[in-house]
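Please look over the model below before reading the notes, which take up helix packing, salt bridges and confidence in turn.

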Amino acid sequence: MTDMQQESDATKQTQQARRGYHHGNLREALLEAAEALIAERGPDSFTMADACRHAGVSTAAPYRHFEDRNALMEAVGMRAFDGLAAATGGAKAPFEEGSVEAILAGGKAYLRFALDNPERFRLMFGRNPDLKSRPIVELAGRACFQNLLQSVSAYLATRGHAGADPMPLALRLWSLVHGVSSLAIDGPMDIIAPGNDPEAIIEESGRAILAAV
């Protein structure tokens with residue numbers, strides 16, 4: 001194949017990709033670009049134009065799907081919560097609903113999500129104050145938390161407390177898992193308590209919290 005033919009094929013592939021964006025892939029391309037830039041630079045260190053360049057589209061293209069950068073970040077936040085819900089839900093699926101093993105598996109999956117996606121995790125939980133006030137993101141966060149509430153409610157039923165409010169116990173468990181996850185990605189645990197395994201902390205402390213019911 002000649003250089004001219006290779007160049008022609010590359011041009012056709014680029015044109016096909018751009019046509020694909022116009023037929024519904026643009027939104028996905030921009031979301032993936034924003035997620036990549038968040039992982040690389042953090043959530044506050046890129047512009048909409050940067051996301052466009054990363055996705056390989058014109059700077060006018062995003063406004064068909066996102067009215068501004070905040071709307072793009074809202075969609076990223078929603079996807080992050082959906083991803084967290086899928087991770088925790090999938091981790092507990094092999095176990096009986098309401099079992100200690102199911103609850104702990106969900107907590108460990110939460111930790112792994114934070115470790116694998118530290119910048120998205122920070123974005124979800126406070127890095128961007130404007131994002132927290134957006135109703136759709138708030139609903140996504142509550143839907144994610146619902147996974148834990150369901151597991152705790154089932155656990156309480158197995159302990160003879162069917163119909164009891166699961167919120168207090170769920171909040172204790174979430175505080176444990178979220179606190180350990182935040183410490184693990186931001187470093188203080190390695191400095192203040194070196195040699196401790198975050199997953200083991202969730203396992204041991206989670207069992208103690210559940211056993212106290």
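At what angle do helix 3 and helix 4 pack? Helix 3 (residues 69-92) and helix 4 (residues 100-116) pack at about 140°, with axes 7 Å apart; axes are lines fitted to C-alpha atoms over the stretch in contact, and angles run from 0 to 180 degrees between N-to-C directions. This is a predicted model, in which local features need pLDDT of at least 70 and side-chain atom pairs count only at pLDDT 80 or more, while totals for chains, interfaces and linings use all residues. Residues are numbered from 1 along each chain as its sequence is written, and side-chain values use heavy atoms, leaving out hydrogens and water.

- The structure holds 13 salt bridges, each being a side-chain nitrogen of Lys or Arg within 4 Å of a carboxyl oxygen of Asp or Glu.
- E203 and K108 meet in a salt bridge of 2.4 Å, N to O; because E203 lies in helix 10 and K108 in helix 4, the pair ties together parts that are 95 residues apart in sequence.
- The side chains of E199 and R112 also form a salt bridge, at 3.8 Å from N to O, and this pair links helix 10 to helix 4 across 87 residues.

**Confidence**
- The chain averages a pLDDT (the predictor's confidence in each residue, from 0 to 100) of 84, and 85% of the residues score at least 70.
- Over residues 1-23, pLDDT stays under 50.
- Where pLDDT is low, the predicted coordinates should not be read in detail.

Definitions and conventions:
Helices (H or I, at least four residues) and strands (E, at least two) are DSSP runs, numbered from the N terminus. Contact means heavy atoms within 4.5 Å.
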